[in-house]
Amino acid sequence: MVLPEFDSLPATLAWDNDSLSIIDQTRLPRDTVIETLTTAFEVWRAIHELRVRGAPAIGVAAAYGLCVSMQPSRGLPLEAFRAELIEQAAYLDSARPTAVNLNWSLKRMLRAAGQSRAADAASLYRVLVEEATQIHREDQWLCEQIGKHGLPLITAGCGVLTHCNAGALATTGLGTATAPMYIAHREGIAFRVYADETRPLLQGARLTAYELHQAGIDVTLITDGMAASLMARRKVDVVIVGADRVAANGDFANKIGTLSLAIASRHFGVPFYVACPSSTLDLQTPNGSTIVIEERHGDEVTHLAGRQIAPTGVKVLNPAFDVTPHDLVTGFITERGIIARPFEANLAAMFQTQAAAASTAS
Ligand code: MRU
């Protein structure tokens with residue numbers, strides 16, 4: 001449960017009594033399996049295998065995951081604990097390359113440890129837990145703010161299209177792209193959502209359709225190839241997607257297929273918004289050309305639900321994300337409001353303090 005009024009939303013993860021548990025998102029929507037992560041490897045694997053996924057959720061999981069990773073070291077001398085902390089953070093950071101929230105949250109954990117005057121390893125461990133809890137709380141707050149700022153985009157009778165899952169399951173709150181939808185629904189606004197199924201791992205079908213349907217929102221599942229034709233039929237009034245990393249000029253990485261959606265939106269004159277908290281901004285990266293795109297195993301494309309659907313030995317491309325150039329974006333829905341063009345100047349003006357803090361920590 002995220003907030004009392006949104007109790008249909010699944011808890012993506014929980015930290016209780018120094019124990020980290022997640023919903024295994026690879027099993028949804030058929031099975032709700034809660035997994036407790038007890039070692040650094042289990043946390044790394046959960047992120048790498050998308051059991052916990054979505055940029056903000058990865059960030060929160062990594063923060064708590066670093067605490068889990070450091071639990072066996074609580075009896076070490078302080079300096080040895082600090083050295084181990086740096087190694088464990090680097091290890092977790094290697095789980096996935098594209099979502100900046102992973103690196104952002106681990107750096108923030110290291111910064112908190114670096115600034116702490118804790119006298120021993122056990123006390124420094126408590127500082128880490130406090131920082132992770134703070135990152136978790138902030139994530140929920142960020143989603144709510146994005147929801148409030150994005151709310152005016154959801155008007156009575158409108159059609160909203162989204163891609164992948166930038167929902168409650170991708171965060172620890174109301175989601176990013178879905179936050180305006182949840183708030184609009186709570187306010188009694190009637191609208192419809194089209195959820196792209198999102199090949200190859202079907203986050204749209206398995207997760208977005210699941211959580212919106214659970215919440216009673218009018219959601220229709222579509223295949224990825226249908227989006228442009230729905231736009232041509234004037235069924236889509238606005239597109240809202242999430243992001244894994246937003247560069248300083250507004251180019252952004254998100255789930256593969258986002259770029260095609262942005263191009264179609266431009267062609268049909270549909271406003272195209274990106275919902276992203278400041279934890280997803282990477283103002284150190286000038287533009288999208290240097291964003292590292294995760295390449296995943298070809299089996300994800302040649303197989304569907306464990307069954308082979310393509311010829312054995314066929315060549316496969318499987319980048320998990322693509323980069324959409326900023327000129328296709330109408331605006332960024334952030335916790336501080338909707339950022340309009342020119343993005344480079346406006347993102348910097350709004351968020352340069354965070355960027356400076358992040359660069360001192362790197
Ligand atoms: O590979 P995934 O499922 O982690 O990809 C998720 C996305 O691309 C989301 O759109 C993005 O992380 C934003 S989540 C609020």
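Trainee: How many nonpolar, polar and charged residues does the shell around the ligand have?

Mentor: Please keep in mind that this is a predicted model. By class, the shell has eight nonpolar, five polar and four charged residues. Of the 17 residues around the ligand, those that come nearest are Arg53, Arg96, Asp244, Asn254 and Lys255.

Trainee: Which side chains have an N or O atom 2.8 Å or 2.7 Å from an oxygen atom of the ligand?

Mentor: A polar contact is a pair of N or O atoms within 3.5 Å. The side chain of Arg53 places such an atom 2.8 Å from a ligand oxygen, and that of Lys255 places one at 2.7 Å. For Arg96, a polar side-chain atom lies 2.8 Å from an oxygen atom of the ligand. Taken alone, the ligand exposes 420 Å², and the protein buries 100% of that.

Trainee: Why does the ligand lie between domain 1 and domain 2?

Mentor: Both domain 1 (13–144) and domain 2 (146–361) give residues to the shell, so the ligand lies between them. The space that the ligand takes is the largest cavity. Helix H2 (55–70) and strand S9 (252–255) are the elements that give two or more residues to the shell.

Trainee: Which peptide bonds to proline are cis?

Mentor: In general, most peptide bonds are trans. Here the bond from Leu28 to Pro29 is cis, with omega near 0°, and Pro29 lies in the loop between strands S2 (19–23) and S3 (34–37). Another cis bond joins Arg341 and Pro342, with omega about -5°.

Definitions and conventions
Residues numbered from 1 in each chain as written. Predicted model: local features only at pLDDT ≥ 70, side-chain atom pairs only at ≥ 80, totals over all residues. Heavy atoms only, no water. Near = heavy atom within 4 Å. Polar contact = N/O pair within 3.5 Å; in protein donor to acceptor, adjacent residues only side chain to side chain. Areas by Shrake-Rupley, 256 points an atom, 1.4 Å probe, with all protein chains shown as cover. 1 Å grid on protein atoms, 1.4 Å probe; cavity = no way out; pocket = protein on both sides within 12 Å on 5 of 7 lines; lining within 4 Å. Sits in = over half its atoms within 2 Å of the grid points. Helix = DSSP H or I, 4+ residues; strand = E, 2+ residues; numbered from the N terminus. Nonpolar A, V, L, I, M, F, W, Y, C, P; charged D, E, K, R; others polar. Domains from an automatic or database assignment.
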